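Please consult the sequence and the structure shown here while reading.

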Amino acid sequence: REPVTVASEVCASHGLVAGVYTHVAVTFDGTTVRMYFNGVQVATTTSATVLGDNAQPFQIAAGNNRAFLNGTLDEVAVYDYTLSAARINAHYLAAGD
């Protein structure tokens, strides 16, 4: 399955609340997609998708020319390596509520 499909399904199933800050992080190590809400892993799946291996632009909160977010993104960061669960939790704790 595609990482964007997993992300949209997880967001829908975990009931993100409008107007409430939620720290969201997604990692992909080449085989496994992990999604974290507020520093806690909430989903994992495998994927054969190779990011950046096509002519499509890199998209956050969207995919396949569809937007999945009706809200605001703040302090977006993209890394060229996979963050550990501990590092993601540290980012969440540093961000505060």
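## Terms and basis of the model

A residue is called buried under 20% relative accessible area, exposed over 50%, and partly exposed in between, with a 1.4 Å probe and protein chains only.

The model is predicted: local features need pLDDT of at least 70, side-chain atom pairs count only at pLDDT 80 or more, and totals for chains, interfaces and linings use all residues. Residues are numbered from 1 along each chain as its sequence is written, and side-chain values use heavy atoms, with hydrogens and water left out.

## Confidence

The predictor's confidence in each residue is given as pLDDT, on a scale from 0 to 100. For this protein the mean pLDDT is 79, and 70% of the residues reach 70 or more. Among the elements, helix H1 (residues 3-13) has the lowest mean pLDDT, 61, while helix H2 (residues 85-95) has the highest, 94. Where pLDDT is low, the predicted coordinates should not be read in detail.

## Overall architecture

Helices (H or I, at least four residues) and strands (E, at least two) are DSSP runs numbered from the N terminus. The protein has two helices and five strands, and along the sequence they follow the pattern α-β-β-β-β-β-α. Of its 97 residues, 24% count as buried.

## Strand pairing and hairpins

Two strands are taken to pair if DSSP finds at least two bridges between them. Strand E1 (residues 24-28) pairs with E2 in the antiparallel sense over five bridges. In this pairing, valine 24 stands opposite phenylalanine 37 of E2. The two strands form a hairpin with three residues between them, and glycine 30 in the turn has a positive phi of about 105°.

Strand E2 (residues 32-37) is also joined to strand E3 (residues 40-46), by six bridges, and these two run antiparallel. Methionine 35 stands opposite alanine 43 in E3. The hairpin of E2 and E3 has two residues between the strands.

Most residues other than glycine have a negative phi. Asparagine 38 has a positive phi of about 50° although it is not a glycine. This asparagine lies in the loop between E2 and E3 and is partly exposed at 28% relative accessibility.

Glutamate 75 is also a residue other than glycine with a positive phi, in this case near 55°. Its place is in the loop between E5 and H2, and at 71% relative accessibility glutamate 75 counts as exposed.

Arginine 87 and glycine 39 are 48 residues apart in sequence and 8.8 Å apart in space, C-alpha to C-alpha.

## Side-chain contacts

A salt bridge is a side-chain nitrogen of Lys or Arg within 4 Å of a carboxyl oxygen of Asp or Glu. The structure holds one: arginine 34 with aspartate 29, whose closest N and O atoms are 3.6 Å apart. Arginine 34 is partly exposed at 26% relative accessible area, and aspartate 29 is partly exposed at 40%.

Rings of Phe, Tyr and Trp (its six-membered ring) pair if their centres lie within 6.5 Å; planes under 30 degrees apart count as stacked, over 60 as edge-to-face and the rest as tilted. The count by this rule is one aromatic pair. Tyrosine 79 and tyrosine 81 form it in an edge-to-face arrangement, 5.5 Å centre to centre with 65° between the planes. Tyrosine 79 is partly exposed, with a relative accessible area of 35%.

## Nonpolar surface patch

Patches are made of residues with over 30% relative accessible area and no salt bridge; like charges are joined within 9 Å, and nonpolar side chains (Val, Leu, Ile, Met, Phe, Trp, Tyr) within 5 Å. Phe58, Ile60, Leu69, Leu73, Val76 and Val78 make a nonpolar surface patch of about 590 Å². Valine 78 is found in the loop between strand E5 (66-67) and H2, and at 58% relative accessibility valine 78 counts as exposed.

Definitions and conventions:
Accessible areas come from the Shrake-Rupley method with a 1.4 Å probe; for residues, only the protein chains shown count as cover.
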